[in-house]
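Here's a quick briefing to read alongside the model. Have the fold open as you go through the points.

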Amino acid sequence: MDKPIPLRKIIHIDMDAFYASVEQLDNPELRGKPIAVGGSSKRGVVAAASYEARKFGVRSAMSSVMAIRNCPHLIFVKTRFERYREVSRQIREIFMEYTDLVEPLSLDEAYLDVTENKKGNPSATLVAREIRQRIKEKTGLNASAGISINKFIAKIASDFNKPNGQKTVNPEEVADFLEKLDIRKFHGVGKVTAEKMYRLGIFTGADLKLKSAEYLTQNFGKSGLHYYNVVRGIHLSEVKPNRIRKSLGAERTFNENISSEIFMLERLENIAEEIERRLEKSKVAGKTVTLKIKYSDFTLQTRSKTISYYISSKELILEIAKELLYQEKMKNSVRLLGISLSNLNTDKPEEKEQKEEIEVQLKFEF
């Protein structure tokens, strides 16, 4: 007999246009105006856009050139990560008032498991509303929330009533919610995967649900089984308060394309220094060095090398990065270089906790 699927009360909190909203909060002159946080140079990239800018099609990760083309009166503001981290810490303090099961995904979003919470409130919907109100009172910022039985559905739901809204998908609503959902809305289904699904006649959750596990595995590899499960509301990933870091890295986009390897080595040395600082701060080391190269035609290439011992010093990281750089001739001039260190010494089997099966009643108030 199959064990019942554990049902939890999961909230996904997502701050609305976080970086841009912080800038508008701190500078009243920016309120109500289209702003982009990031670099305005021709190689600049938008880190975040206010909702006023989004109306013109300005999005995060968009080049500044394209952003200005879409919105000629766009105002660029430099990033202030220390300030964003400060506000993020205030928000997480609020989360901890409700539950210790908080899994941050970034500075502006997190999962909370409130199945059993410090307030003793049986309604996850009311808890989410209260948390959003507390965030508004403490920081002046708006947050949106998704509430459901697992992380996957909560993440999708938090997008539905943005900005400054929330959506609950109750246990009895899960099947209908997922079947009606456009496949592009499924968290983890990117543009390429969505196009492939379209070619296979999969446009909605209902279409996906008709496909067998074998069919999906044949067409999407390991991800196939994941799609088979999530469309049925099965997602067993727990909220992990201490997420294990899998890699650490840094990269730089250049104002002008670089074709000289001497200049590339200078940039790599700067990047290696930055990684050394981050490793020291995080107190980790790694065995695998990966060099990331983005060429002027935007093609991307990665080269990796794994060694038998952990490293964290700038000198050793740079030595391997140089080796990877010279591994083969450059195909074109380079616009971006990055180094990352993975296979870190944070994932120690002896420290992994034994997982218990959690059984929760199928019916409970959301």
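Asp-108 sits in the loop that links β5 (102–106) to β6, with helices (H or I, at least four residues) and strands (E, at least two) taken as DSSP runs numbered from the N terminus. This is a predicted model, so local features need pLDDT of at least 70 and side-chain atom pairs count only at pLDDT 80 or more, while totals for chains, interfaces and linings use all residues. Residues are numbered from 1 along each chain as its sequence is written, and side-chain values use heavy atoms, with hydrogens and water left out.

**The annotated pair**

- UniProt, in an unreviewed entry, lists Asp-14 and Asp-108 under "binding site"; its positions are given in the numbering used here, feature names are shortened, and annotations may be inferred rather than shown by experiment.
- The two are spread over 95 residues of sequence, yet they cluster in space, with a largest C-alpha distance of 6.0 Å.
- From this set, Asp-108 is part of the lining of the largest cavity. A cavity here is a set of points on a 1 Å grid over the protein atoms alone where a 1.4 Å probe fits but cannot get out, and lining residues have an atom within 4 Å of a point.
- Asp-108 is partly exposed, at 22% relative accessible area; buried means under 20%, exposed over 50%, and partly exposed in between (1.4 Å probe, protein chains only).
- Leaving aside neighbours within four places in sequence, Asp-108 is in contact with Ile-13, Asp-14, Met-15 and Phe-18, where contact means heavy atoms within 4.5 Å.
- Asp-14 belongs to strand β1 and is buried, with a relative accessible area of 13%.
- With neighbours within four places in sequence left out, Asp-14 is in contact with Asp-108, Glu-109, Ala-143, Ser-144, Ser-158, Asp-159 and Lys-162.

**The sheet**

- Five strands make an open sheet in the order β5-β6-β1-β7-β8, with mixed pairing; two strands pair if DSSP finds at least two bridges between them.
- β5 and β8 (166–168) are the edge strands, each pairing on one side only.
- β1 and β7 run antiparallel and are joined by 6 bridges; Ile-11 has Ile-147 in β7 as its bridge partner.
- Helix α5 packs on the sheet, touching β1, β6, β7 and β8, and its direction makes about 165° with that of β7. Such axes are lines fitted to C-alpha atoms, for helices over the stretch in contact, and angles run from 0 to 180 degrees between N-to-C directions.

**The nonpolar cores**

- The largest nonpolar core has 32 residues, and Ile-11, Ile-13, Phe-18, Phe-95, Leu-112, Ile-131 and Ile-135 touch the most other members. A core is a set of buried Ala, Val, Leu, Ile, Met, Phe, Trp, Tyr and Cys residues joined through side-chain atoms within 4.5 Å.
- A second, separate core of 30 residues includes Phe-254, Ile-275, Ile-320 and Ala-321.

**A buried lysine**

- Lys-155 lies in helix α6 (residues 151–157) and counts as buried, at 16% relative accessibility.
- Not counting residues up to four places away in sequence, Lys-155 touches His-12, Leu-105, Glu-109, Tyr-111 and His-187.

**The hairpin**

- Strands β10 (residues 286–295) and β11 (residues 300–311) run antiparallel, joined by 8 bridges.
- They form a hairpin with 4 residues between them, and Phe-298 in the turn has a positive phi of about 75°.
- Thr-288 stands opposite Thr-306 in β11.

Methods: On a 1 Å grid over the protein atoms alone, a cavity is a set of points where a 1.4 Å probe fits but cannot get out, and a pocket is an open set with protein on both sides within 12 Å along at least five of seven lines; lining residues have an atom within 4 Å of a point.
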